[in-house]
Amino acid sequence: MNTPLVTRFAPSPNGDLHLGHALSAITGFDLARRHGGRFILRIEDIDMQRTREVHVANILEDLRWLGLAWEEPVLRQSTRFDAYWAAAANLRERGLLYPCFATRTEIENAVAISPTGVDPDGAPLYPGLCKGVPEEKIEQRMAAGEPACLRLDMDRALRAASAHLCGAPLTFHEWNGDAASSPQVVPADPARWGDAIIVRKDTPSSYHLAVVVDDAMQGITHVVRGKDLYEATHLQRLLQVLLDLPEPETYYHHHLMLDPAGRKLSKSSRGTSLRDLRADGASPSDIRRLVGL
């Protein structure tokens with residue numbers, strides 16, 4: 001590696017950490033420590049309505065109990081809205097984002113009549129209800145205070161990315177977690193997301209925009225997260241190219257922790273939070289064993 005290895009763990013403070021979070025945090029921490037790199041903790045609290053300070057405190061307590069240490073100060077995304085808005089404005093000025101006023105009900109009604117397929121998260125692909133609306137009409141609706149998100153014009157974005165890459169394919173490097181293996185080049189296919197939301201109606205960003213802006217600012221070289229975010233990497237690689245942001249050297253999407261029914265653990269999963277397990281007598285070594293480390 002030509003640059004120091006930098007990993008991060010970036011939880012959302014809307015619930016207690018569970019075993020899946022422990023796997024991500026420990027894996028990233030161990031990777032940085034093994035290579036003499038840096039481990040960063042970032043609090044992804046752009047969703048102000050769901051953020052609870054008690055969860056922030058619990059996250060810090062749980063991670064310290066696991067024996068992890070990170071650089072201070074801890075970055076909170078709620079302090080970074082100006083940076084996200086500047087990135088979105090860049091894309092908007094280049095015609096790569098457009099306002100969308102459609103409600104969820106309007107979208108559902110439209111796709112019920114003309115199905116559009118689904119995105120990697122299983123949501124209906126946006127049917128283009130506000131695409132191509134004249135700028136004058138957009139300005140009138142925004143001046144009237146009508147809430148709007150900003151969507152990526154995927155067709156234009158792909159053309160812009162191709163021009164930026166001089167026709168080279170959009171790719172990322174995926175590692176399988178085996179110390180003896182090398183990352184493999186994976187073709188990125190962001191088109192599967194359709195005209196994705198880049199700036200939400202209720203906050204000046206989306207997860208996808210905030211994460212690429214912050215990963216670049218913090219110099220993240222190795223992104224460690226669960227397989228449930230593998231498809232998100234395809235869209236985020238596109239945003240990195242469009243915003244001329246550095247590409248992380250490697251992505252590692254580790255296995256997911258599942259409940260007895262085979263479902264991915266969630267913050268509402270009972271009995272799997274680190275706080276519950278600790279209260280039941282589990283040790284940090286037990287947690288490592290439970291997550292397969």
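This is a predicted model: local features need pLDDT of at least 70, side-chain atom pairs count only at pLDDT 80 or more; totals for chains, interfaces and linings use all residues.
1. Residues are numbered from 1 along each chain as its sequence is written, and side-chain values use heavy atoms, with hydrogens and water left out.

2. On the parallel sheet: three strands form an open sheet in the order S1-S2-S3, with parallel pairing, where strands (E, at least two residues) and helices (H or I, at least four residues) are DSSP runs numbered from the N terminus, and two strands pair if DSSP finds at least two bridges between them. Strand S1 (6–9) and strand S3 (75–76) are the edge strands, each pairing on one side only. Strand S2 (residues 38–43) is joined to S3 by two bridges in the parallel sense, and Arg42 has Leu75 as its bridge partner in S3.

3. On the helices against this sheet: helix H1 (residues 19–34) packs on the sheet and touches S1 and S2, contact meaning heavy atoms within 4.5 Å. The direction of H1 makes about 160 degrees with that of S1; axes here are lines fitted to C-alpha atoms, for helices over the stretch in contact, and angles run from 0 to 180 degrees between N-to-C directions. Helix H2 (residues 53–65) lies across S1, S2 and S3, and runs at about 160 degrees to S2.

4. On the antiparallel sheet: another open sheet has three strands in the order S4-S5-S8, and its pairing is antiparallel. Its edge strands, each pairing on one side only, are strand S4 (97–100) and strand S8 (197–199), and the twist from one strand to the next averages 45 degrees. Strand S5 (residues 149–152) and S8 run antiparallel and are joined by two bridges, with Ile197 of S8 as the bridge partner of Arg151.

5. On the helix pair: the axes of helix H7 (residues 207–217) and helix H8 (residues 230–242) come within 9 Å and cross at roughly 60 degrees. H7 and H8 are therefore oblique to each other, since angles under 35 degrees count as roughly parallel, over 145 as roughly antiparallel, 65 to 115 as roughly perpendicular and the rest as oblique. The contact is made by Tyr207, His208, Leu209, Val211 and Val212 of H7 together with Ala232, Leu235, Gln236, Leu239 and Gln240 of H8.
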